[in-house]
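Hi,

Here is the structure I promised to pass on.

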Amino acid sequence: MTRSARKSPMRSDRTRRHRIVGGLAAVMLLAGLAPGPAIASPDTLRLAIEDMTFGSVDIAASPVTGGIATARNLDAVSDNAFVQGAYVFPGWLGLTFLQATQGVLRVLVGALEVVPGIVLFPFPDADLPEGFNVFRRGDALVDARNPLAENPAWLPYVLPITAFTIDARIAPVSPWAVYAGPGDSDPDDTSVAAGW
């Protein structure tokens, strides 16, 4: 018998053991990397998509929201009907511009939110707060929750479908567009900023 023929059974046993150990290590690694229960959070990404989508609607609705802000401001401008009448057109024009600018800024901040939305997607309870985008604050003309975001609960976690689970917060009247009357708090106050 040749020398290589005598060593071949020992080599095959050693090779077999290495393969078994390597296979067990691969199984353990895959078990550790396997997805667990759905603990990620798509909320930041949903907010980013919502802000980019409905920020453009805010721009289109700015003549309406500017008119609402103008009407709300009439009593704060003056008690005199003549002064209120003189305020209406320039006030509406300025507040419409303010509302449109808020819509543009909402879109831009929404675009910036996409990066943390993707980065934070796999982590539970690591979302940006809803108040992060200050340009979505105010009383909205439409503020509706999307039932697809809650039922079925797994749907927002499917990335291509996440965009269809966004809530509808459309055309908010900016808190900075409404004048503070006597006894009202300042729009920069956190109580007003938080109360949307």
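Predicted model: local features only at pLDDT ≥ 70, side-chain atom pairs only at ≥ 80, totals over all residues.

The axes of α3 (residues 62–77) and α4 (residues 81–119) come within 8 Å, and the crossing angle is roughly 140°. That makes α3 oblique to α4, because an angle has to be over 145 degrees to count as roughly antiparallel.

If you want to click through the contact, the α3 side includes Ser62, Thr70 and Val77, and they are part of a set that meets α4 residues, among them Val83, Trp92 and Ala100. By type, the residues of this contact are ten nonpolar, ten polar and one charged.

Next, the cores. The largest nonpolar core is made up of eight residues: Leu45, Ile49, Phe54, Ala61, Ile166, Ala168, Ile170 and Ala171. Both α2 and β2 (168–173) put at least two residues into this core. There is also a second, separate core of five residues, including Ala69, Leu95, Val173 and Ala177.

Finally, is Arg46 buried or exposed? Arg46 sits in helix α2 (residues 43–60) and is buried, because its relative accessible area is 11%, and the cut-off for buried is under 20%. Not counting residues up to four places away in sequence, Arg46 touches Ala149, Pro156, Thr162, Thr165, Ile166 and Asp167. With Thr162, the C-alpha atoms are 6.6 Å apart, although Arg46 and Thr162 are 116 residues apart along the chain.

Cheers

Definitions and conventions
Residues numbered from 1 in each chain as written. Heavy atoms only, no water. Axes fitted to C-alpha atoms, helices over the stretch in contact; angles between N-to-C directions. Helix = DSSP H or I, 4+ residues; strand = E, 2+ residues; numbered from the N terminus. Parallel < 35°, antiparallel > 145°, perpendicular 65-115°, else oblique. Contact = heavy atoms within 4.5 Å. Nonpolar A, V, L, I, M, F, W, Y, C, P; charged D, E, K, R; others polar. Buried < 20%, exposed > 50% of the residue type's maximum accessible area, 1.4 Å probe, protein only. Core = buried A, V, L, I, M, F, W, Y, C linked by side-chain atoms within 4.5 Å.
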